[in-house]
Amino acid sequence: MRAGADGTSGGHGEAPGGAREEVLARVRTATGGGPAPPPPAREYRTADHPAVGGEELLELLVDRLVDYRALIRRSTTAMVAATVVAALTERGARRVAVPDGILPAGLERLEPGIELVGDDPPLSPAQLDGLDGVLTGCAVAIAETGTIVLDAGPGQGRRALSLVPDYHLVVVTAAQVVATVPQAVARLDPSRPQTWISGPSATSDIELDRVEGVHGPRTLEVIVCS
Amino acid sequence: MTEPVFLGLPTAPPGVGHLRGRRPFPEAARTALGDAQLRRNLAKATGTIRAKRAAVVGEVPDWAELRAAGAAIKDQVLAGLDGYLVQLEEQVTARGGVVHWARDATEANRIVTELVRDAGADEVVKVKSMATQEIGLNEALAAAGIAAWETDLAELIVQLGHDSPSHILVPAIHRNRAEIRDIFLREMGKVGLPAPADLTDQPRALAEAARLHLRRKFLEAGVAISGANFAVAETGTLAVVESEGNGRMCLTLPRTLVTVMGIEKLVPTWRDLEVFLQLLPRSSTGERMNPYTSMWTGVHPGDGPQAFHLVLLDNGRTATLADPQGRAALRCIRCSACLNVCPVYERTGGHAYGSVYPGPIGAVLSPQLTGVADNASLPYASTLCGACYDVCPVAIDIPQMLVHLRSRVVDAKRGHSRVPSPEQAVMASAAFAMDSPARWTAALRASRLGRLLGGRRHRLTALPPPLSAWTGTRDAPLPPRQSFRDWWARR
């Protein structure tokens, strides 16, 4: 069924008496045109609230990530390529998905043993499932909550890329780190698809005990660059 | 029983979905209380989550301010809901999505079934969703020959166990690890990849079994069905908050995505999510942030589903909105913190409430969605201790709302019957006595005769009918030797 095709469940342009008009009419009856409530007072720590910065901020991020049992490596912008190689080698990852923009274009191998697999043409879910891991950057990282946000920007790829492989290696640079959730929301563009990642896949469904590793990548490794 | 509907607005229809229990709460609770295993499972699980929540809420310096903002934003949504819904529809449509409207469960089920058929699918993968549980979507799809695979671990346990959910966040909270192992071994092979024969009851091994069982279904699914935690009116952005990655799988890999969402789940602006993405995870799983939150706006070319349908569901929500003293229940963000602190829920579990919304929030939400006549016992399923209000991240005053709904239940009963109930008869005679000082004094003196009934324990343990309804579950104190008035008159 398409919107409005039968006049009962559609969007714009449906016949009077359809579900859309009726639900909206019910809402108007129920709210009865009472006075509008005052706009919400935002007395919490908003995006412009002073927060920690510098090395303290990076240490907070690392502390939170460790708490989620993510693996952490500290590096510098100059040394990041070597750190990526070290992480992938230790992991034993031989075929790794890489979105555009994370490594120099045209690079096919990192070391002789690590093959880089691009996503153009797009890899199928089964192909992604056959890879050893994925390397991405991120848009923003939130120190207080240990959250890394991907928004399909440069070096991040489409959402499936960082989901299906069982190992996700993320590079976070100092400039991408903010302290609080409101600071992250202020930086992000809602028109982009977003994935907020806080540690590896986990579940608390059995006796409310947290267990890492269900359907998403079971290992999350983060390279934090100063 | 019928109750005059609020402003003539229809409630959720009977015969479809899961908002009504087969038995009244006291009866179902009595059965649940006899299950020692259930009580052990619940006490352990709710104790664990209470401690985790308290720790992560305690470390947020501005929790009270976030809570106040959360409540105010939701009140703003409810007051201007028609405008926000239209705005959301415009934004989703402009970004390539299709919006559908459903007056009730039956209509929503029909819309989703037709969308799945249109996509040419005979099976779907599902992200855990309270709205689709509420409307009984899986049953409706099954009746149409469409298999719906629940992919959240707890929902999978419930589905494989031919069971029903008993908690908003952890639907299988009533099951312990050994029971889950048995269900996996017995049932997984009947519907897909069997569990490994040497499966242990370690949570890690059970999670691994679920991963293997569902992997192929995720990679091959053509249609996914989800709920939504939030929808942003100004941008058309939808958000799903989860832990396992099953949500990401469903929201990313299939070609077609159908999201069913209650009309109250809106926030006005993108910025408002900065409040709720702090309140929800800490209240819900007791984490600083849940492992995964997915957000999408319409269709993103080349990334994720290329067909997106949003079904906006009423099913008694506008009837709830019409009661000024009850509408704050629609602020609820389904965190389940109130369940975990409730002394009644901790002992009876969720099934006794008969609705997919159990616990304190269920006791105020379910009767409003269905009309109080159909869930008349739920407003009494509480000790009014107030713990639920304290932990609610959007400050719903559940105890006060329960008292209000009790009065609606009494009104509904009065409207129904010409013969006064025992309770009404007692209240009427009390009103008669209290109306006149002379009658009241006489009544107090007469009550002293009641002392003759008290035994050695000085308690009244069994009164004659109709007062036996009170003493069936509690003792009544003996009337004092001397009333306050007598004492005052003699000093």
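**Strand pairing across the chains**

I started with E9(A), which pairs with strand E9 (residues 292-297) of chain B in the antiparallel sense, over four bridges. This is a predicted model, so I read every number here as computed. I then looked up one bridge by residue: Gln194(A) has Met295(B) as its partner in E9(B).

**The A-B contact**

I looked up the contact between the chains as a whole: 65 residues of chain A meet 86 residues of chain B. On the chain A side, I listed the elements that give two or more residues: helices H1 (19-31), H4 (125-129) and H5 (181-187), plus strands E9 (194-197), E10 (202-206) and E11 (209-212). Which of them gives the most? That is H1(A), with eleven residues. I also sorted this side of chain A by class and got 30 nonpolar, 20 polar and 15 charged residues.

**Chain A, domains and one residue**

I noted that chain A is divided into domain 1 (1-42) and domain 2 (54-225). Their centres, taken over C-alpha atoms, are separated by 41 Å.

Then I picked Thr219(A), which sits in strand E12 (residues 219-225) of chain A. Buried, exposed or in between? I have Thr219(A) down as partly exposed, because it has 18 C-beta neighbours inside 10 Å, and buried would take 20 or more. Leaving out residues up to four places away in sequence, I see Thr219(A) touching Leu71(A), Asp166(A), Tyr167(A) and Pro200(A). I also checked Thr219(A) against Asp120(A): they are 99 residues apart along the chain, and their C-alpha atoms are separated by 25 Å.

**Chain B, overall**

I counted the elements of chain B and got 22 helices and twelve strands. Its domains are domain 1 (1-418) and domain 2 (436-490), and I put their C-alpha centres 47 Å apart.

How does the radius of gyration of chain B sit against that of a compact globule? For 491 residues I would expect a value near 23 Å, and the 25 Å of chain B agrees with that. Along the principal axes, I get a box of roughly 90 × 55 × 50 Å for the C-alpha atoms of chain B. I also wrote down that 54% of the 491 residues of chain B count as buried. Of the chain B contacts with a separation of 6 or more, 76% join residues 24 or more positions apart.

**The nonpolar core**

Last, I went into the largest nonpolar core, which has 208 residues. Which members touch the most others? My list reads Val172(A), Val112(B), Ala224(B), Val311(B), Leu312(B), Leu313(B) and Cys338(B). By element, I found the largest share in helix H3 (residues 63-79) of chain B, which gives seven residues to this core.

I finished on Ala224(B). Setting aside neighbours within four places in sequence, I find Ala224(B) in contact with Val124(B), Val125(B) and Val127(B), and also with Cys250(B), Leu251(B), Pro254(B) and Leu257(B).

Conventions
Residues numbered from 1 in each chain as written. Chains lettered and ligands numbered in written order. Predicted model: local features only at pLDDT ≥ 70, side-chain atom pairs only at ≥ 80, totals over all residues. Core = buried A, V, L, I, M, F, W, Y, C linked by C-beta atoms within 7 Å. Buried ≥ 20, exposed ≤ 12 C-beta atoms within 10 Å, placed from the backbone. Contact = placed C-beta atoms within 7 Å. Nonpolar A, V, L, I, M, F, W, Y, C, P; charged D, E, K, R; others polar. Pairing = 2+ DSSP bridges. Domains from an automatic or database assignment. Rg over C-alpha atoms; globule rule 2.2 N^0.38 Å.
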